[in-house]
Amino acid sequence: RVAPGTTLRRRVEIENGTRSTAEVAVYAAAARLSGGKFGFARGRVQNELSSWTSVDRQMLRLEPGAHAYETVTIEVPKEASAGERYAVIWAEVSTPPRAGGGVTLVNRVGVRMYLSIGSGGLAAADFAIGPLHAERSATGGLLVVATVDNSGGRTLDIAGQLTLTHGPGGLRAGPFPVTLRPDLAPGASEPAGVRLDRHLPLGPWRAHLNLTSGFVHRDAVATIEFPALAAVPKPSSSRNVLVAVGILLALLLAAGAGAAARRGRPTTAPPVA
């Protein structure tokens, strides 16, 4: 978190992991945080943070297996407003099309940039975990779900695990990794879900969810029990009666058709003795 008018310098390392010499373009471009996802703009589209950012060398020539360090300078204007900004430092290698036209192949890798502007110290990071729920998915799988709220002033990247103990017969299961989208923005909420084997006993279990973002750790503990699979409804007695009547009617029709066939068949008089 920096005050307006601050100048920052950082270094990034760029390595050529191919077997060919690479001409690497280095530049800053726009990015944003939306719906809990970090997304980057196409090409070299700019935003505030990327426009404040410069690199020492915009083009590097790296031999196979070689690496280099690039200095990144961020000059925050004095009139910059408070808030978080996002961008990417890109290292890009492109292959021009052959003579006569074609497609330019572009490969690039990047380093995310997060910058918080405002007076005072760094905004505090914090989050809360809602109640744990045992559910079934649409396909009948077992789920443990809890809502995570970013109650602090910084973007969070949360990871964690779920452990089940005190199950039927003293069983223990886990730990299981927690599925969370990265980059949870301040004030945003995200469901943290853990998918489990459908053959796991229904419980009850003692569920312990542990989540971490940096130096912030939060736990949630609850006794849960998974719902049983919904039973397939049995045919009603009235439907059974209808099925029986339908079968009887078919048999009667078949018998009537056989009798009619016999009546219509020509007969031969017995021979005269």
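The model is predicted, so local features need pLDDT of at least 70 and side-chain atom pairs count only at pLDDT 80 or more, while totals for chains, interfaces and linings use all residues. Residues are numbered from 1 along each chain as its sequence is written, and side-chain values use heavy atoms, with hydrogens and water left out.

A search of the whole structure returns four aromatic pairs; rings of Phe, Tyr and Trp (its six-membered ring) pair if their centres lie within 6.5 Å, and planes under 30 degrees apart count as stacked, over 60 as edge-to-face and the rest as tilted. One of these joins Phe-38 and Tyr-114 in a tilted arrangement, 5.5 Å centre to centre with 45° between the planes. Phe-38 belongs to strand E3 (residues 37-40) and Tyr-114 to strand E8 (residues 105-117), so this pair ties together parts 76 residues apart in sequence. Strands here are DSSP runs (E, at least two residues), numbered from the N terminus.

Phe-38 is buried, at 14% relative accessible area, whereas Tyr-114 is partly exposed at 39%; buried means under 20%, exposed over 50% and partly exposed in between (1.4 Å probe, protein chains only). Tyr-114 also pairs edge-to-face with Tyr-86, at 5.7 Å centre to centre and 90° between the planes. Tyr-86 sits in strand E7 (residues 83-95), 28 residues from Tyr-114, and is buried at 12%. Together, Phe-38, Tyr-86 and Tyr-114 form one aromatic cluster.

Charged groups meet rings as well. The charged end of Arg-44 sits over the ring of Tyr-27, 3.9 Å from its centre (the criterion is NZ of Lys or CZ of Arg within 6 Å of the ring centre and within 35 degrees of the ring normal). Arg-108 likewise places its charged end over the ring of Trp-90, 3.9 Å from the ring centre.

Methods: Helices (H or I, at least four residues) and strands (E, at least two) are DSSP runs, numbered from the N terminus.
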